[in-house]
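This report looks at how charged side chains pair and how nonpolar side chains gather in one protein model. Please keep the sequence and the structure in view while reading.

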Amino acid sequence: MGNKPIIRDVVPADFDQWLPLWDGYNAFYKRVGPTALPMEVTPMTWARFFDAYEPVHALVADLDGHLVGITHYIFHRNTTMLGPTCYLQDLFTSEAARGRGVGRALINGVYERARRAGSTRVYWHTHETNVTAQTLYDKVAERSGFIVYRQKHLSIWRFDPRRPIY
């Protein structure tokens with residue numbers, strides 16, 4: 001594996017090679033077995049990459065016709081900036097490709113797409129135990145100091161035009 005991968009937008013024909021990387025990413029975060037993603041999430045995620053109305057995008061690292069890494073990113077509005085902000089949501093490289101610059105190349109690919117979209121900020125989260133990735137992240141970005149909180153078990157709110165939303 002001496003060549004450098006080509007970082008490019010995902011295409012529909014990539015699905016069979018994207019899926020094992022997506023599954024590996026989810027397994028890394030222990031989303032397998034009883035904690036696996038609901039079955040409908042993967043096909044919906046894949047479809048979003050090709051829907052012009054969705055702000056969800058994907059890049060792949062292609063090494064001689066074989067995908068060795070993926071990243072998914074989302075553009076969204078921000079209350080403190082005029083332009084869009086870019087959230088790098090997922091980043092994963094195959095085990096064989098780790099330590100060979102694939103992760104950095106994918107991050108740089110997201111940086112380039114963010115610049116093209118007029119975004120001046122790219123950010124992401126990682127688990128505190130993912131120290132290997134943090135070694136790379138500390139070289140390509142700065143830690144913001146923010147701590148992430150979340151509530152995972154909210155009921156789904158249904159819009160009722162007769163009910164005020166405040």
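A salt bridge is a side-chain nitrogen of Lys or Arg within 4 Å of a carboxyl oxygen of Asp or Glu. The model discussed here is a predicted one, and by that definition it holds 7 salt bridges. Side chains of opposite charge can pair when their charged atoms come close.

| Salt bridge | N to O distance |
|---|---|
| Arg8 and Asp62 | 3.1 Å |
| Glu112 and Arg116 | 3.4 Å |
| Asp138 and Arg143 | 3.0 Å |

The pair of Arg8 and Asp62 joins strand β1 (residues 6–9) to strand β2, so it ties together parts that are 54 residues apart in sequence. Arg8 is partly exposed, with a relative accessible area of 21%, whereas Asp62 is buried, at 15%. Salt bridges with shared partners also link Arg8, Asp14 and Asp62 into one network.

Glu112 and Arg116, in turn, both belong to helix α3, where they stand 4 residues apart, about one turn of the helix. Glu112 counts as partly exposed at 30% relative accessibility, while Arg116, at 60%, counts as exposed.

Gln134 itself is found in helix α4, and it is buried, with a relative accessible area of 12%.

Which residues have the most contacts inside the largest nonpolar core? This core has 22 residues, and those with the most contacts inside it are Cys86, Leu88, Ile107, Val110, Val122, Trp124 and Tyr137. At least two residues of the core come from each of β2 (56–63), β3 (66–76), β4 (85–93), α3 (102–116) and α4 (131–140), and α3 gives the most, with 6 residues.

Val110 shows in detail how such a residue is surrounded: leaving aside neighbours within four places in sequence, Val110 is in contact with Leu59, Thr71, Tyr73, Cys86, Leu88 and Val122.

Technical notes:
Residues numbered from 1 in each chain as written. Predicted model: local features only at pLDDT ≥ 70, side-chain atom pairs only at ≥ 80, totals over all residues. Heavy atoms only, no water. Core = buried A, V, L, I, M, F, W, Y, C linked by side-chain atoms within 4.5 Å. Buried < 20%, exposed > 50% of the residue type's maximum accessible area, 1.4 Å probe, protein only. Contact = heavy atoms within 4.5 Å.
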